[in-house]
Amino acid sequence: MTATVTDQLTPQQAGTRAHAVLDEIERAVVGKRAALELVMLGVLAGGHVLIEDLPGLGKTLLARSFSTVLGLDFRRIQFTPDLLPSDVTGAPFYDQRTGEMVFRPGPVFAHLLLADEINRTPPKTQAALLEAMAEAQVSTDGVTRPLPKPFVVIATNNPIEYEGTYALPEAQLDRFLLRVRMGYLPVAEEAAMLRRRLDRDTPEAVLNTLSNPGEVVAMRDALERVEVNDDLVDYIVALVDATRRHAQIQVGASPRGGLALVQLARARAVMAGRDYVIPEDVKAVALPALAHRVTLKPELWVRRISADDVIAGLVQSVPTPQTTPVPAQGRPQDSASAVPNAAVPNPANPVGA
Amino acid sequence: MARGNDNPRLGARLAAALGAAVVLGMAAVAMNAARGTALAGDGPAKGMWALLALGVVVVGWTLAVQVRRRQDRLAAGGTPTQSRIASLVLPGFILMTLATVIGVTILGTRSVQFSMPQPNQGVAVDRATGAGRTPTALPSAGSVDQPNSNSSSSPIDFQDLLIGFLVLLGVALVVVLVVVLSRWLVARRRVGGAAEGAVDGGLDEDGTGEALAGAVQAGREALADDPDPRTAIIACYAAMEKSLADGGVSRRKADTPTDLLQRAADAGLVQGHAAQTLTDLFGEARYSTHPMGEHQRDQARAALESIGAHLAAATAASAARFGAREELEI
């Protein structure tokens with residue numbers, strides 16, 4: 001695998017490289033291929049990933065492994081209750097030699113930012129990431145500074161602790177393209193993981209860098225050459241609309257949720273070596289793309305029904321496109337008519353938030 | 001299939017509701033019938049009201065737990081209306097249990113008092129003059145023919161009523177049995193025509209094989225006749241889908257081709273890579289603008305032949321299992 005900057009990659013090439021990256025990461029993060037693929041989808045789709053699970057499941061290791069193998073500049077912020085917004089974005093300071101105020105960039109100026117335990121800091125500091133995540137830029141003292149490309153936030157969230165934590169507001173959650181749960185390893189996989197630790201001399205596996213920022217951008221650009229059929233666009237809209245009409249959901253998914261579905265489905269198609277999206281792609285990413293964007297009715301908390309349950313049921317009830325294409329009015333007869341490059345706006349700022 | 005299962009379940013629920021109403025009614029009468037009724041007075045089971053109340057609590061609790069479990073299992077399905085109704089079921093069970101327990105407690109702890117003044121006795125008030133407001137003393141219990149609280153004073157024997165209830169229950173059971181039997185016979189006659197989403201698990205002796213053969217033949221014709229390979233491949237996949245439906249695995253509305261294929265494989269209808277190849281070709285033909293050529297058409301044809309061969313083998317095995325039958329040409 002070369003680490004050269006590639007101007008243009010086909011979806012098949014991008015998919016091959018993505019799988020090579022995942023294979024390398026899997027040397028360190030054992031038995032989590034599904035979670036790794038979801039994070040890779042988020043990276044390819046140009047979004048940010050929220051990893052939500054219990055402590056000790058390898059969330060931080062996963063983020064560090066991605067940065068190492070993808071060759072991205074990595075920064076980490078340990079979110080604490082006393083963290084300030086300027087600790088995230090950076091702040092101007094007085095340079096005594098020049099007598100001027102000089103901006104000192106914060107850790108957000110990196111390719112891959114690990115926001116560890118993001119729910120431990122107050123909403124004020126959480127909100128410091130809003131502009132960075134949505135628009136890939138930071139505005140301080142009236143000056144807007146762009147963030148390096150690619151810019152990926154991988155945030156971890158501990159769902160079981162309530163003391164001293166601040167739940168992420170909906171606006172912040174909506175900025176994450178997808179939410180990933182890692183879960184415990186199966187017993188056999190856990191034994192293999194322990195065996196690997198015993199077999200090597202170092203605490204962690206040393207990973208090779210297989211890519212670079214330019215190539216990651218090229219892989220992202222390959223998504224724009226993946227076509228999305230009109231029927232699938234309708235299917236995505238139906239899924240998002242169903243979240244707004246569901247009896248158990250108080251607030252449904254935003255339009256950003258539909259855009260996330262489109263981009264994640266395209267990324268999944270790339271991972272499968274296709275340059276077209278099929279219904280399986282949409283269905284597979286619906287849960288991680290939508291579950292964190294909906295707010296359930298309060299009474300469901302008593303019945304221990306989670307948003308994951310509701311979205312999973314919803315995906316099993318919304319009709320997929322019919323086998324035989326039905327020509328619609330005002331739509332070209334040809335079934336695969338979506339224009340790949342024009343169909344979807346830049347996911348970094350999908351609705352101009 | 002699903003509909004076929006629902007109706008007997010509905011009948012069983014209605015029968016259970018009827019049975020519960022009859023049992024509760026009998027229990028109430030056996031404890032304490034209201035005045036003015038034929039059985040007015042305390043019944044023979046009055047002393048066991050606490051036992052009955054406990055039974056009601058146990059049954060109510062069991063039903064509530066079952067409903068809760070089922071709601072948790074079906075956490076997020078159904079229409080909004082169904083979800084609203086489902087959310088009311090559990091509180092409804094609890095309220096009904098409470099109401100029944102309170103009712104049983106009242107019936108068990110209170111005796112019916114017959115203190116209505118007789119026409120010529122009791123409190124005499126001269127309404128016209130307003131005089132005589134001082135109540136006169138009630139006659140002693142022995143001097144009046146007053147029904148006491150003993151059930152033996154009831155004009156109808158409780159045992160007669162119990163026998164009557166049991167006879168009615170027997171008649172109801174006979175009616176339910178007749179209805180269930182007749183439905184079963186009708187369903188047996190109406191063989192074939194798998195319901196939407198049903199998974200029957202393969203071939204049988206009722207003519208499914210012919211339907212499968214016909215669907216495969218339709219796919220062959222689509223591949224041969226249609227000049228556009230894209231349309232031909234889609235038609236071929238549609239033929240496979242129909243053949244699977246005829247074999248008992250229908251496409252559900254929220255199914256992707258992979259979902260359908262998985263269910264067909266689980267049911268033993270498809271094996272090997274042929275169906276997967278045809279599904280992949282269909283995905284490309286249906287959802288991409290790729291030019292589809294004769295090569296893909298040939299691939300689809302080969303996949304269809306393989307599927308047809310498997311279906312023929314399965315049909316032959318089925319024929320061997322269920323006895324000799326007309327040989328199919330697939």
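**Reading a predicted two-chain model**

Student: What is the bridge partner of A:Val49 in S8(A)?

Tutor: As a general idea, the strands of a sheet pair through backbone hydrogen bonds, either parallel or antiparallel. Here, A:Val49 has A:Ile154 as its bridge partner in S8(A).

Student: In what order do the five strands of the open sheet in chain A stand?

Tutor: The order is S2-S5-S8-S1-S9 in chain A, and the pairing is parallel. Strand S2 (74–78) and strand S9 (178–180) of chain A stand at the edges; each has a single partner strand, so one side of each is left without a neighbour in the sheet. From one strand to the next, the twist averages 20°.

Student: Which strands of chain A does helix H2 of chain A lie across?

Tutor: Helix H2 (residues 33–44) of chain A lies across S1, S8 and S9 of chain A. Relative to S9(A), this helix runs at about 160°.

Student: Let us turn to the other chain. How many helices and strands does chain B have?

Tutor: Chain B comes to nine helices and two strands. From the N terminus on, its elements run α-β-β-α-α-α-α-α-α-α-α. Of the 330 residues in chain B, buried residues make up 25%. Among contacts in chain B between residues at least 6 apart in sequence, 68% join residues at least 24 apart.

Student: Where in chain B is confidence lowest, and where is it highest?

Tutor: Where pLDDT is low, the predicted coordinates should not be read in detail. The mean pLDDT of chain B is 69, and 60% of its residues reach 70 or more. Confidence is lowest in strand S1 (residues 32–33) of chain B, at a mean of 60, and highest in H8(B), at 87. Over residues 1–6 of chain B the pLDDT is below 50, and this stretch has seven contacts in the model beyond near neighbours in sequence.

Student: What are the ipTM and pTM scores of the model?

Tutor: The model scores ipTM 0.78 and pTM 0.65.

Technical notes. Residues numbered from 1 in each chain as written. Chains lettered and ligands numbered in written order. Predicted model: local features only at pLDDT ≥ 70, side-chain atom pairs only at ≥ 80, totals over all residues. Helix = DSSP H or I, 4+ residues; strand = E, 2+ residues; numbered from the N terminus. Buried ≥ 20, exposed ≤ 12 C-beta atoms within 10 Å, placed from the backbone. Contact = placed C-beta atoms within 7 Å. Pairing = 2+ DSSP bridges. Axes fitted to C-alpha atoms, helices over the stretch in contact; angles between N-to-C directions. pLDDT = per-residue confidence, 0-100.
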